Amino acid sequence: MTDTSGTAATAAPPRAAYRERLYVTWYWWPLPLVAATLLAAEIHMGYPGVRAWLPYLVIIPLTLLLVLRAGTTRVAVVDGELWVADAHLPLEFAGEVEVFDANQGERPAGGQAAVKRKVLGPNLDPAAFLLHRGWVGPLLRVRVTDPDDPTPYWVFSTRHPRRLAEAIAEGKAQRAVEDRA
């Protein structure tokens, strides 16, 4: 008997050519936690008794949750698609890929921000897909070649832009081979 339900146990898991998660850098943690503790202490001083500890039990875990949530951004190339957070782009519609390293070319007085300013500045198309994380230096810009898509390109942060660009190129080549077969 054959399984025709499409849920066969031998189904291959999705192949990930590239996968990363944009975690918040360690030095971004102390300031929000200190601010949350000070806020909880301020509320604590206004209420005597047992409920005085309630702000510590609510505000500090909530702050931890918010900082962790900021680090849940995922970037991946899986089964012929580029995934950035919840958005995905089939690699057949991925055009030119440009890498903007944090230390690329001349380093003006502004340093890393000056390089990002060129990419994210006034020449940025408002219709572009943008996912920028300030704690991640490099950026990648991927042109969208789908004529039905109003998005001209994607600009997003990634820690390893060269590896991601290679994974996109390999995925496009593999997709082209599969389409020919």
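I began with the order of elements, which from the N terminus runs β-α-α-β-β-β-β-α-β-β-β-α. I counted 4 helices and 8 strands in the chain; helices (H or I, at least four residues) and strands (E, at least two) are DSSP runs numbered from the N terminus.

I noted that this is a predicted model, in which local features need pLDDT of at least 70, side-chain atom pairs count only at pLDDT 80 or more, and totals for chains, interfaces and linings use all residues. Residues are numbered from 1 along each chain as its sequence is written, and side-chain values use heavy atoms, with hydrogens and water left out.

I next looked up burial: 34% of the 181 residues are buried, that is, under 20% relative accessible area with a 1.4 Å probe, protein chains only. The chain exposes about 11700 Å², and carbon and sulfur atoms supply 60% of this area (Shrake-Rupley method, 1.4 Å probe).

I then turned to the largest nonpolar core, which has 24 residues; such a core is a set of buried Ala, Val, Leu, Ile, Met, Phe, Trp, Tyr and Cys residues joined through side-chain atoms within 4.5 Å. Among the elements that give two or more residues to this core are β1 (16-22), β7 (139-144) and α4 (161-180). The most, 4 residues, come from α4. Apart from this core I found another, of 6 residues, including Phe-100 and Tyr-153.

I finally examined Leu-140, one of the residues with the most contacts inside the largest core. Beyond four places in sequence, Leu-140 touches residues including Val-97, Phe-156, Leu-164 and Ile-168, where contact means heavy atoms within 4.5 Å.

Key
Buried < 20%, exposed > 50% of the residue type's maximum accessible area, 1.4 Å probe, protein only.
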